[in-house]
Amino acid sequence: MSYLHIGKNFTPPDIHGKVTGKARYAEDFRVEGMVYARLYTSPMPHARVISMDLTEALAIDGVIGVLTADDVPEVKAPGSPVLTNEPVYVGDPILAIAAIDEQTAENAIAKVRVTLEPLPFSVSPTHTLRPGGPAARLEGNVYSGEMRTLEWKQDDVDRFLSGREPTGPAASEWQFGDLEAGFDNASVVIEESFVTSGYAHTCMEPRSVMSYWQNGKCHVYGSTQSQSFVVPFLARMLGIEPQNLVYVSEYCGGGFGSKIAAYPVLALPGHLSKKIGRPVMLRITREEEYYIGSARVGFQGWIKAGFKPDGKLSAVDLYIVQDLGSRQAGGDASSAGGAVSILYQPEALRLRDVPVLTNTTPRGPQRGPGQNQIAAVFEPMLDKAARELGIDRLEIRRINAPDSSAKLNADQGPVTSAYMVEALDKGADLWNWAQKKGHSRRRNGSKVTGVGIGQAYHDAGVNGYDGLVRITPDGIIHLHSGVGNLGTYSYAATTRAAAEVLKADWAHCVVEHGTTEAHLPWSSYQAGSNTIFTHTRANHVAALDLLDKMKAIAAQVHGGSADDYDIADERVFNAKGNSMSYAEVAQKAIELGGVYSGEVVAENLNGITKLAIAGLKGSGLIGAAKDELPKRGTAPGLAVAFAEIEIDLETGKLEVLDYLAVAECGTVVHPQGLAGQLRGGAVWGFGMASLEHHVYDPQNGLPANVGFYQTKPPTYLDVPSNMDWAATDIADPDNPVGARGIGEPAMGCATAAVMCAISDALDGHLFNRTPVTPDMILNHVAGLPQSFSALGINEF
Amino acid sequence: MTSYDVMPATELYQPVNIEDATALAARLGRKGWLLGGGQDTYGWLKDRAKRPDAFIDLTGIDVLKGIRSLPDGGVEIGSMTTITEVAQNPLINEKFTLLSAAAKTVASPQIRNMGTLGGNLCQDTRCWYYRRGLNCYRAGGNICYADSPEGMNREHALFGASRCVAVTPSDTAPALVALEATMLITSASGSRQVAAEDFFVGPATDILNMTALQADEILVSVRIPRKWADATFYHEKVADRNVWDFALVSLCAAFKEDAGQITDARLVAGGVDCVPHRLREVEQAIIGQPRNETTGEAVKVRATSAATTLNYNQFKVPLMQNLVLRALRG
Amino acid sequence: MDLVRVRDDVWGREVLAGVSWDLLWLVLTAAFAIIIAHLLLMAVLNRKARPSAAGKKLARHAGVDRAFHWITAIATIVLLVTGVFPIIGINFPWLTPHWIAGLVLTVAVGLHVVRSLFFQDPLAMWIAPSDLKELAGGDVKTAKYSLAQKGMHLGMAVVVLVVIVTGLVLFLAIDTPWWNRTNSIDEATLGWLFLLHGASTLGLVGLTALHIYFGLRPEKLFYTRSMIKGWISEHEHAAHHDAARWSPEETR
Ligand SMILES: Cc1cc2nc3c(=O)[nH]c(=O)nc-3n(C[C@H](O)[C@H](O)[C@H](O)COP(=O)(O)OP(=O)(O)OC[C@H]3O[C@@H](n4cnc5c(N)ncnc54)[C@H](O)[C@@H]3O)c2cc1C
Ligand code: SF4
């Protein structure tokens with residue numbers, strides 16, 4: 001199918017601001033009378049506030065006021081309140097002080113005297129599961145829908161840590177197929193225990209926020225991945241109606257899952273501002289960002305996988321102890337099970353998991369939460385099975401790959417479409433797998449080469465959100481995007497589905513976004529790689545609504561029925577030669593009012609969209625619709641990567657030499673955007689595979705890495721200068737432009753490919769642990785035991 | 001443990017000649033803080049983990065800057081010369097590539113542009129406990145958090161520990177010890193010269209300071225004698241990342257060879273001891289041997305014969321041995 | 001001037017860290033003030049002729065006790081030098097000699113305690129009510145030890161025992177050839193240990209200064225000689241001691 005906009009590069013409107021530095025992020029805003037707040041955060045990993053002495057702090061000249069946990073809504077464990085009297089990790093915010101400048105605020109913070117009573121704490125999930133082990137929260141140590149206390153027998157703990165099949169009770173479990181029969185039919189059974197470390201999201205822009213109140217409205221300048229999706233939640237946190245919230249997040253310097261919706265500190269300046277009657281800026285420092293900025297859930301786990309003689313995966317038994325940190329996190333373990341269920345189409349799968357709270361930084365979804373952890377450990381196991389079965393590593397993936405008849409998850413539901421074999425073949429062809437696999441274990445002095453293939457998945461598309469398109473009498477097409485600007489340009493790319501329907505010249509289109517004042521429709525969360533799928537649909541239906549209205553108006557003006565009209569060159573015309581420009585139609589819409597100009601709105605639209613339309617009514621022709629297009633299953637985002645690495649056996653250093661990622665995400669909507677996702681995802685993937693992990697001192701609960709140089713995200717010298725990409729580019733039937741999402745698997749496939757390449761280089765050795773750092777390689781090569789404890793997590 | 005981010009108001013002196021600087025240093029003593037490029041300093045200050053009363057900014061003093069050749073054929077480098085200049089200087093790149101190679105691996109380009117050689121040599125350790133502002137031994141307290149039963153000490157020392165197990169973070173220091181440099185030090189009460197090897201001080205001697213500098217002393221320059229000019233050098237730094245990362249282990253080696261045999265050698269490791277760590281046993285063992293793989297294999301274990309490992313740093317043992325092997329392999 | 005040092009522990013709570021080393025100067029100043037005052041006083045008062053060292057030699061200290069004294073003295077001096085010099089800015093690798101000297105002192109003191117309690121007359125050093133009349137001044141003849149000597153011994157005993165006990169516990173907190181340090185001592189307790197160790201060190205500094213001064217005083221020098229050679233002369237005995245309370249045997 002040939003498109004005007006879809007599949008073409010374009011310049012997203014925020015690019016200029018970003019490259020010239022004119023872009024204004026939350027902390028760039030200044031308003032009259034603004035004061036600065038700083039946080040007092042917990043020095044203890046778990047404690048109770050006994051008393052506070054703020055006399056000295058508040059006596060400092062220039063100090064305006066203070067906000068404590070008593071001033072903000074309480075939140076039930078294990079949710080995150082704005083401020084707390086029961087800090088549950090080092091760095092948990094206890095109070096905030098506002099002053100005329102940051103220095104004064106910090107001087108005051110330095111004078112705060114808080115008496116804390118230390119409470120039992122732990123930085124290791126298995127430590128809390130021991131008999132009598134410390135619970136991370138007063139309400140218990142495990143969260144699976146509700147807080148509870150779960151204790152294993154010492155024997156269960158020891159067994160689990162020694163890598164044998166876990167016997168400790170799980171907190172939740174799901175299964176499909178006949179596991180026993182699956183293992184009976186298997187000729188090769190791989191059984192491994194593993195650890196994937198948690199680590200910070202490391203957003204470039206810390207979550208700074210500025211807020212003030214004006215005419216009963218709270219204005220919040222924040223940094224979130226989503227835009228409209230944030231509004232109802234933030235309004236609730238501030239105790240106001242959505243129409244009284246002005247929310248501005250035009251730019252977001254990275255979120256990666258940590259800024260999906262309204263996170264606690266987003267509401268802090270609003271509360272403080274209300275209390276002191278001044279605009280409040282809360283700049284979050286890098287170190288604070290590492291505390292409150294969320295992190296990936298860590299896994300300690302065990303897998304047993306059975307393969308039939310032909311390489312088909314017959315059964316998978318998966319047991320995961322999750323490190324949720326100190327606060328509620330998503331269902332990474334279940335997602336991991338889901339990923340295995342779709343990527344390899346096993347006949348039977350059981351997932352058992354224990355989501356454990358620890359007194360470490362709160363966790364949340366991070367790029368491929370669950371899916372990417374499991375990709376990192378399962379894919380090298382797949383290679384091991386291939387080796388034992390004598391099957392090529394590409395082939396074993398092809399044998400198990402999902403196609404459009406694939407089933408997934410506990411309910412074995414359908415997918416909208418899937419073409420993983422095509423993706424594997426395309427990659428193998430472009431990367432020349434047949435030749436490059438020969439590089440395996442090639443020695444070059446002290447260096448040895450490894451090649452690997454990695455696959456990853458994410459449920460990448462939802463439905464039911466709203467689109468809003470408007471044409472003003474000047475002929476400008478306003479594409480209202482409630483999608484957040486999280487750095488992927490999808491806020492703009494998805495609107496091109498509307499421009500496509502309207503056959504509009506992009507130069508006449510304006511993407512309205514980034515602030516509730518731009519009147520934005522209700523939109524999905526910008527997470528879960530869903531936006532491209534979800535909002536091309538929403539834009540498409542909104543544009544169709546607009547199109548219908550244009551035709552109806554033309555019919556009213558020029559006679560005939562709406563069906564007699566068509567569009568081209570931004571004009572509505574009929575066969576008789578009657579035509580109207582979009583500008584004229586818009587003018588007419590204002591005159592006609594009613595549904596045309598937003599005076600009357602469709603009932604099925606979300607309240608947020610209705611609010612937006614209320615703000616726009618009478619300004620032109622308004623097209624708005626809820627996406628009720630059919631969606632017959634999960635829209636899978638799939639990716640496969642090929643990596644060649646070199647390991648220096650004498651230094652333990654790993655270098656990625658060559659990399660190719662192939663996206664299996666339907667039609668390519670925005671090639672440059674997709675390239676950015678695949679390359680950026682790869683950088684993330686390399687970081688997860690070889691560099692980034694949480695380290696906590698178990699004696700006092702202190703985090704060891706709270707700065708860029710300590711958390712070690714990859715730098716430009718740690719990634720290959722050339723990273724290739726490709727896409728299957730096969731349209732998905734359940735999306736009007738054929739697109740599915742990709743952001744998260746773009747990372748997981750890279751992690752997995754590198755993990756497989758490491759194993760390949762080291763004669764098939766499985767570290768079963770992310771990241772694989774130089775010390776681990778050195779210890780392995782020297783035949784020394786690894787330094788970390790058995791299945792140890794949050795340690796070096 | 002609040003994460004501060006704004007420096008407290010602190011006096012700033014910007015002397016333009018060395019006499020004023022030494023007078024200020026004498027007057028302020030430990031309450032003053034000498035300032036080079038600030039790349040080590042500002043972190044301490046922003047975190048409020050150290051609180052000097054005043055800065056004495058040395059970067060405005062011209063005599064402390066620049067690289068000149070010495071009559072004996074050596075070079076003198078002013079302490080306020082930036083690390084980028086050290087890395088790029090033709091004289092150094094011609095005769096003492098060991099130093100330029102080491103300087104090129106310091107931190108990141110931005111930090112090298114700001115940071116000075118003096119600051120790099122006098123910088124404090126990066127032990128993460130200490131950098132958090134904890135009151136460990138090195139901060140004048142009664143405890144070491146790193147060398148404890150469950151301490152997270154992957155980056156810490158194999159040698160020279162005495163209550164404190166922190167390591168030198170400097171990449172240029174081992175190069176200067178290898179090149180037998182001399183430090184020129186001045187104060188209001190006179191000047192002195194200290195061999196690079198004695199300039200760096202371990203915790204057994206002084207647990208609070210990394211160098212032999214007294215509170216009122218200023219490092220003026222570093223003199224590298226002709227002795228090792230044009231010797232064969234080997235430099236390698238191993239860090240987790242290829243830039244913007246401190247060494248897990250680094251090795252600076254200088255060899256003199258004659259008729260296929262090593263006649264003199266200096267091997268100095270960074271990241272394994274509180275001071276640049278000389279591998280004397282290896283140095284002695286390779287005299288009279290050819291510089292090749294066989295010699296390397298034969299002597300590499302001597303690099304670590306005195307090593308004491310901690311919970312998480314045993315990998316430094318094979319790593320050091322391998323670097324010695326590589327240095328000898330050439 | 002502070003009496004103690006306080007610090008934040010790992011969780012930001014204020015805990016004791018030890019004595020304030022400002023007190024070192026106070027102790028030294030006080031000790032020297034006493035010495036100078038005593039010097040002046042003695043220059044005015046004490047013009048008596050000293051008894052002759054000739055004549056019969058009477059046994060005062062057995063060989064093992066003299067050895068014990070000097071071993072203890074050397075260990076103490078080493079401990080003070082290694083312990084105090086780094087504090088006043090004279091840096092050298094002090095810790096190993098410090099704990100070795102500490103162990104020597106511990107063993108010596110241990111043996112001394114056992115010997116004096118079970119094999120000697122423990123009451124010889126005990127301050128009895130009868131000793132108190134020495135306080136009144138005048139020429140009181142004493143038993144084997146004068147009240148001043150007993151007082152010095154008692155003071156020394158207290159500070160040395162405190163130094164040893166706290167030193168031994170602190171010894172657990174460093175790495176030694178026999179063990180790796182524990183961290184079972186919490187920081188507040190550590191602070192108390194360092195406080196007591198430091199305070200007893202200060203006591204030791206003061207008492208040692210006085211002890212050396214008195215040992216070197218001309219009229220007391222014969223006691224020092226007796227600590228080296230083991231005897232005092234019959235004239236010295238007659239001049240200072242009450243034969244009824246202490247009549248030593250003659251020795252060669
Ligand atoms: C993220 C990061 C990564 C880094 N990575 C590395 C690395 O890989 N390798 C490496 O070697 N270093 C590294 N560093 C350290 C950095 O290179 C040094 O801190 C820098 O070279 C110091 O130079 P400066 O002039 O900025 O020091 P300053 O901060 O100005 O001074 C540092 C110290 O030296 C003292 N000082 C400075 N000049 C004199 C003088 N003339 N006489 C006496 N005392 C003086 C100061 O008082 C201060 O205590 C890193 C630093 C950071 C922040
Ligand atoms: S290693 Fe040294 S700097 Fe680090 S905690 Fe121990 S005493 Fe402090």
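**Interfaces, a salt bridge and a cavity**

Guide: Chain A and chain B bury about 4400 Å² between them, and carbon and sulfur atoms give 52% of that area. A:Glu650, A:Tyr709 and A:Phe796 supply 17% of what chain A buries against chain B, more than any other three residues. This is a predicted model, where local features need pLDDT of at least 70 and side-chain atom pairs count only at pLDDT 80 or more, while totals for chains, interfaces and linings use all residues. Residues are numbered from 1 along each chain as its sequence is written, chains are lettered from A and ligands numbered from 1 in the order written, and side-chain values use heavy atoms, leaving out hydrogens and water.

Visitor: What makes an area "buried"?

Guide: Buried area is the accessible area (1.4 Å probe) that two parts lose on being put together, summed over both. So the value for chain A and chain B, about 4400 Å², is a total over both sides.

Visitor: How many residues of chain A and chain B are in contact?

Guide: Contact means heavy atoms within 4.5 Å, and by that rule 57 residues of chain A touch 49 of chain B. For chain C against chain B, 21 residues of chain C meet 19 of chain B, with about 1700 Å² buried, 47% of it from carbon and sulfur atoms.

Visitor: Why is the pair B:Arg154 and A:Asp775 called a salt bridge?

Guide: The term asks for a side-chain nitrogen of Lys or Arg within 4 Å of a carboxyl oxygen of Asp or Glu. The closest N and O atoms of B:Arg154 and A:Asp775 are 3.2 Å apart, so the pair qualifies. The count between chain A and chain B is 8 salt bridges, whereas the rule finds 0 between chain C and chain B.

Visitor: What makes a residue part of the shell around ligand 2?

Guide: One of its heavy atoms has to lie within 4 Å of the ligand. That gives 13 residues, with B:Cys127, B:Cys136, B:Cys144, B:Cys164 and B:Val165 coming nearest.

Visitor: And which residues line the largest cavity?

Guide: A cavity is a set of points, on a 1 Å grid over the protein atoms alone, where a 1.4 Å probe fits but cannot get out; lining residues have an atom within 4 Å of a point. The largest cavity has 27 lining residues, and A:Tyr709, A:Gln710, A:Lys712, B:Arg126 and B:Glu155 lie nearest its centre.

Technical notes
On a 1 Å grid over the protein atoms alone, a cavity is a set of points where a 1.4 Å probe fits but cannot get out, and a pocket is an open set with protein on both sides within 12 Å along at least five of seven lines; lining residues have an atom within 4 Å of a point.
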